Amino acid sequence: MADEHYHLMSADDAYKAVGGTKDSSDSWVEKQREKYGSNKLAEAAGRSLVAVIISNFVNPITAILGAVLVLACILEEWIEAIVVILVILLNNTISIIQEYKSEQSMDAIKHLGGATNATVVRNGRAQQISLADVVVGDIVEMKQGDVVPADIRLMEISRLEIDEAVLTGESVPVIKTLSALPPPAEKDQEIATGDRTNMAFRQTSIAQGSGRGVVVFVGGKTEIGKIAARLADGGSGDKKTALTATMERLMYGLFFVGILFGVLIFWAFNWQISDQALLYASATLVAILPEAAIVLITVTMAISVRRMAASNAIVRKMVALEQLGKVTDICSDKTGTLTEGKMRPARLVVCRPDGSPMEELVPEGPANSRKATWSTALSSLASEPMETLTDALRALVLCSSTSMVQLDPNADDLEGHGSPTELALMETAWKVTYGLRDTVPNLDAVRAGWQARGTFDFDSKTKTMSTGWYNSNTGVSLITVKGAPESILPRCAGDPINNARLVSTMDHLASQGLRVLAVAQRTDLPLSDSAADVSTLERNDVEKDLRFLALCAVRDPPKQSSITAVKQCYSAGIVVRMLTGDHPATAEAIAKEIGIIPHGQASKGVITTGPKMDAMSDAELDKMDELPLIVARCSPESKVRMVEALHRRGKVAAMTGDGVNDSPSIKEADVGIAMGITGSDVTKGVADIVLADDNFATIVSAVREGRRIFASISNFVMHLLSGNMAEAVVLLVSLAFVIDDNGFPIFVLSPIAILFINTATGSGPAIGIALDDCASDLMKRPPVKHSIFTKETIMDCMFYGTVMGGMSLAAFSIYFWVIADANFGVNCNTNEGTDCDTVLEARASSFLALNTLLLVHAYNCRHQRMPFWKSPLDNWVLLGSLIGGTLICLLLLYVPYLSTKVFKHKGGAWEWAMVGCLSVAFMMVCEFYKLVKRTFLPPLTTYVADKKLDSITVEGAKPML
């Protein structure tokens, strides 16, 4: 038998297998440490601030802008150089801040070890040692409140329950056992971590009782250590998104085109590499590069981060925003994410002694409150069910190991501490008193007169708990018992275990994912003596001949918002998958209630378990027609494999969760989402997004914002590139005919004017476009699969750019040859030129035309097909950028030094009327172009309802033009 299967061994065999000994000398400790390793966890290797800065500045975009900067410095164009420096700094500073914060947050992984000390037995003496000094073979003692220091095979237990939520995500403590577990039915499968009831795992906490066991795994071989290793090895890391890669390729491509244009320019200058030729080449390179694009994408995402924060989604890594719009699958933990994460009252079935159900009562009311509306008014019950209900209430109150009290006698709010299941049972009792408040005002009224006569604590073997009581006022002795139905019913008189109606009721409750307990009592055991104590008797003699009272069902209910959110996900073409450590029946019931799978018999392959999935090879997973929608008893490795399997199918996966067990898969996913309230520091440290309200529905808002921002970025990048195309048209076409008397080209636009249009003019409208609200149908479309550069986008950039460039060139030509005297002057490309008024004024006309056309073009770019007047006109930032960009032109055209020396143009009067006419003509041409596209091109967007997507069909929608 393999060493890693200690849960299949007896405790003694496991002790011998790991070299346990009573003679725990220092040499033995060192020998064990050398053989099995130390009890330290792997730590993530973080990057220093200097490394983060270097990685951000050493990239192709900065290199290209650096080349422009060097050229500007060589030509002593200091204003242009300063602007380029500002662009480089702004572009990288925001990314540096975001990345460094992410690096700092990874410090949480270093605290995965939990406790710092452990109690071990060496040389027959219990002693406290450092957690790092624990070795395989040590005997560890644990009590309530302790954190388990290593993976341990239990040897002795006393009512031991361990909270394993940190590993499995499940909030209900696990009742521990000692016996060796039977091997799994399938030899190639493993027993799920949550089902290894004879093991205690590092980082989990003792919820109740005490125990002792032998250490079998330390450090990186523990279950928590495996998670730490996956997080520390870099995992998926900071992956380069498609948008980043696309923009880098674009910059490379444009830089290469700029070099070709430079050759053409030097040809036009008769191969004279003069200052004017270099200046013209620099202007062309500046013209075709969208310098502001990267900055604006970063700023736009930062704006979106603030919008999402207002909706309780805290974005830690801005690159996740792009991926959100492309998410095809959301893999979610169940407990605390889709559900409330707390056990709540669900059913109370009052029964006759023979097991026949009399009333099935369903409470509806707020959590942690006695207030409830019952499906049947309790005060209206007939005498027999009322009497039984009163007895069941008494049994629930008296047979309990926890306490839940009213915060205020005049209020309904409750507060309690203890086992989640026990608290849910006590809340059930409080809600019964609310229904009977005229006769039973509170739990104190139920307890009145009863004197304790001993307790049998819950035992994992009998699966029961019982308490003895005596009431001196009535002279009644009472034994109250609760526990698993399969343990309680055989101990009851009246043979309820064979009642078909009762069995059917229990099966129905179990199929709904409810945790069912039975309560019973007996009154024939004399306990009038004040010294009487049931614990001195044989337990089997006490817990027999019981009178069966009721079934009490509790559950971790789904959040109502989760039901709506899942429905919205499917409408948006997003598949929701539940990956949980819970049992398959519970997971299936919750999934059906939330809407992840339909009611009725689940199709084959829709539901599986972690061990089954882990036993499958990648090839076997890939052969499945569809990956499972529910994976129960899911291990951390199962979750990672699900993400990897989705990636192999070309899907974009988001993973949500709160426990440490979710951390590896959250890091591996395209978008990792952690819960902010219940989430561990480790999980938040590796997540891309943290939900401040732990609400699955917030994910839908985040996806909607991701789709909106992707559409907005696509639109404003098209706007910016249209301007670059227009500038390139102006400069290159003018080489052919805007030539001075010496045969050299004249600038139609100066380099600083081009840089101004690329940065200042384009930035305002771009931010305005980025703030556009979501399209009303955005969450009815399939996830985004294309890049921001589609064939239609490229065609649009070329068309709009050519039209704007042509009109800008026309403005120069009309002013220069029609309105003015066509005087080229001398050396008018520099500040030392003479007789340059005509050139400067014509250049101002061209600048004003292109600047204005680019401003109004923003309204075209809000939608590729829709007429601009059909888009909402309440975007005040966009309108403000149009007005502000026009007003700034007044300064640039008419302030003497700024206009003539910096921008090398001079404002006149005729150009305003001409530019106004050109703007109207431009918008008319653009609308005609859109009309042609609407007429002859296929619909831009198809709703999810119009096609089958992952076997999900939604009816009633039409294609959007």
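1. Start with how helix α26 meets helix α28: α26 passes α28 in a right-handed crossing (right-handed if the near helix is turned clockwise from the far one by less than a right angle, left-handed if anticlockwise). This is a predicted model, where local features need pLDDT of at least 70, side-chain atom pairs count only at pLDDT 80 or more, and totals for chains, interfaces and linings use all residues. Residues are numbered from 1 along each chain as its sequence is written, and side-chain values use heavy atoms, leaving out hydrogens and water.

2. On geometry, α26 covers residues 696–734 and α28 covers residues 791–819; their axes lie 7 Å apart at an angle of about 45°. Axes here are lines fitted to C-alpha atoms, for helices over the stretch in contact, with angles from 0 to 180 degrees between N-to-C directions. That angle makes α26 oblique to α28 (under 35 degrees is roughly parallel, over 145 roughly antiparallel, 65 to 115 roughly perpendicular, and the rest oblique). Helices are DSSP runs (H or I, at least four residues), numbered from the N terminus.

3. Which residues of α26 and α28 make the contact? On α26 they include Met718, Leu721, Gly723, Met725 and Val733, and on α28 they include Asp796, Met798, Tyr800, Gly805 and Leu809; contact means heavy atoms within 4.5 Å. By class, this contact has 12 nonpolar, 9 polar and 1 charged residues (Ala, Val, Leu, Ile, Met, Phe, Trp, Tyr, Cys and Pro count as nonpolar, Asp, Glu, Lys and Arg as charged, the others, Gly among them, as polar).

4. Next, α29 (residues 837–860) packs with α26 at about 155°, axes 10 Å apart. That makes α26 roughly antiparallel to α29, and the crossing is right-handed. His719, Ser722, Gly723, Ala726, Glu727 and Val730 of α26 touch Ser846, Leu850, Leu854, His857 and Ala858 of α29.

5. Among the α26 residues involved are Arg708, Phe716, His719 and Leu731, meeting α27 residues including Ile754, Asn758, Pro765 and Ala770. Here the count is 10 nonpolar, 6 polar and 2 charged residues.

6. Zooming out, the domain assignment (automatic or from a database) gives domain 1 (6–21 + 114–232), domain 2 (313–339 + 559–694), domain 3 (345–555) and domain 4 (704–945). The C-alpha centres of domain 1 and domain 3 are 34 Å apart, and their contact takes 10 residues from domain 1 and 7 residues from domain 3.

7. How much area is buried between domain 1 and domain 3? About 640 Å², with carbon and sulfur atoms giving 61%; buried area is the accessible area (1.4 Å probe) that two parts lose on being put together, summed over both. Arg159, Val172 and Ile175 supply 59% of what domain 1 buries against domain 3, more than any other three residues.

Note on methods
Helices (H or I, at least four residues) and strands (E, at least two) are DSSP runs, numbered from the N terminus.
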